[in-house]
Amino acid sequence: GTVHVEFYDSKNLDTERMVYVYTPPGYETSKVKFPVLYLLHGNGQIEASWTWTGRANVILDNLIADGKAKPMIVVMPYGHIPREIKTASPPPANDPGAIEKELLTAVKPMVETKYRVLTDRLHRAIGGLSMGAGQSMSIGLHNLDQFAYIAAFSGGGNRTEWDKADPGMLNQRLKVLWIGCGTEDPGYSGVKGMDDLLTKKNVKHIWNQSGGGHSWPNWQVYLSKYAPLLFQ
């Protein structure tokens, strides 16, 4: 596959932003439309992290070559929405609402205009690591009309929000809800808490507990387990 670098106009900031887009082998020569995975990075990382460090493109190439995953496009946006930082005050925290707006009103339309992608919810997935895990759980839950697959790697999401959601509706709308965390991860208890909540509510989901901590070896394995479940 090929990793492209695209620019788009941010709706939150009057500026151009960058996003990495993976296209599967054969994309350039085919005419078919592909499903899309939006893959979000962690705090302190950048839109290149899933490619440069995470090797998401290599993982997908191998899974697709082995027939283990459907050919798909992977969109890796930048997950920090900075606002004006006045000197002498700490930088603002990431605003999950701003990330959601950016993804849905700027990134997604750009991808759907420039790439041959399927645009229904059954062919659109989201997932991320750490900060991106929380963003994926939030964006997915708020937009079940747009995403049928959600994954959280080493991050849990807002349990209060998920507790309020109707279990029957979640089970009907979500084809896959995938949560993974390492037992040595500092955030393990929070992520396990989300698993416990979903189990208590009888929400169908996959809980993937592994050894190890908050690190790329785990996130790479999680991606290699999540991607084959998509768009089947």
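A salt bridge here is a side-chain nitrogen of Lys or Arg within 4 Å of a carboxyl oxygen of Asp or Glu. The model is predicted: local features need pLDDT of at least 70, side-chain atom pairs count only at pLDDT 80 or more, and totals for chains, interfaces and linings use all residues. Residues are numbered from 1 along each chain as its sequence is written, and side-chain values use heavy atoms, without hydrogens or water.

**View 1. Lys108, Glu112 and Arg124 form one salt-bridge network.** The side chains of Lys108 and Glu112 meet at 3.7 Å, N to O. Both residues lie in helix α3, four residues apart, about one turn of the helix. Helices (H or I, at least four residues) and strands (E, at least two) are DSSP runs, numbered from the N terminus. Lys108 counts as buried because its relative accessibility is 12%. Glu112, at 26%, counts as partly exposed. The cut-offs are under 20% relative accessible area for buried, over 50% for exposed, and partly exposed in between (1.4 Å probe, protein chains only). Glu112 also bridges to Arg124, with the closest N and O atoms 3.0 Å apart. Glu112 lies in helix α3 and Arg124 in strand β5, so this pair ties together parts 12 residues apart in sequence. Arg124 is buried, with a relative accessible area of 3%.

**View 2. Glu102 and Arg17 pair in a salt bridge.** The N to O distance is 3.4 Å. The bridge links distant parts of the chain: Glu102 sits in helix α3 and Arg17 in strand β2, 85 residues apart. Both partners are buried; Arg17 has 7% relative accessibility. The salt-bridge count comes to six.

**View 3. Arg121 is buried yet has no salt bridge.** Arg121 sits in the loop between α3 (96-114) and β5 (124-129). Asp145 is the nearest side chain of opposite charge, 6.7 Å away. For charge, Lys and Arg count as positive and Asp and Glu as negative; His and the chain ends are not counted. The Arg121 side chain reaches the backbone oxygen of Leu144 at 2.7 Å. Not counting residues up to four places away in sequence, Arg121 touches Leu144, Asp145, Gln146, Phe147, Ala148, Arg173 and Leu174. Contact means heavy atoms within 4.5 Å.

**View 4. The largest nonpolar core has 41 residues.** Such a core is a set of buried Ala, Val, Leu, Ile, Met, Phe, Trp, Tyr and Cys residues joined through side-chain atoms within 4.5 Å. Tyr38, Ile73, Val75 and Trp162 have the most contacts inside the largest core. Elements that each supply at least two of its residues include β2 (16-23), β3 (36-40), α3 and α7 (188-200). The largest share, seven residues, comes from α3. Beyond four places in sequence, Trp162 is in contact with residues including Met137, Ile150, Leu170 and Met194. Apart from this core lies another of 31 residues, among them Leu60, Leu63, Ile64 and Trp178.

**View 5. Ile46 lies in the loop between β3 and α1 (49-52).** Ile46 counts as partly exposed because its relative accessibility is 34%. Leaving aside neighbours within four places in sequence, Ile46 is in contact with His41, Trp52 and Tyr78. Ile46 and Met18 are 28 residues apart in sequence and 9.8 Å apart in space, C-alpha to C-alpha.

View 6. pLDDT is the predictor's confidence in each residue, from 0 to 100. The chain averages a pLDDT of 92, and 94% of the residues score at least 70.

Terms used:
Polar contact = N/O pair within 3.5 Å; in protein donor to acceptor, adjacent residues only side chain to side chain.
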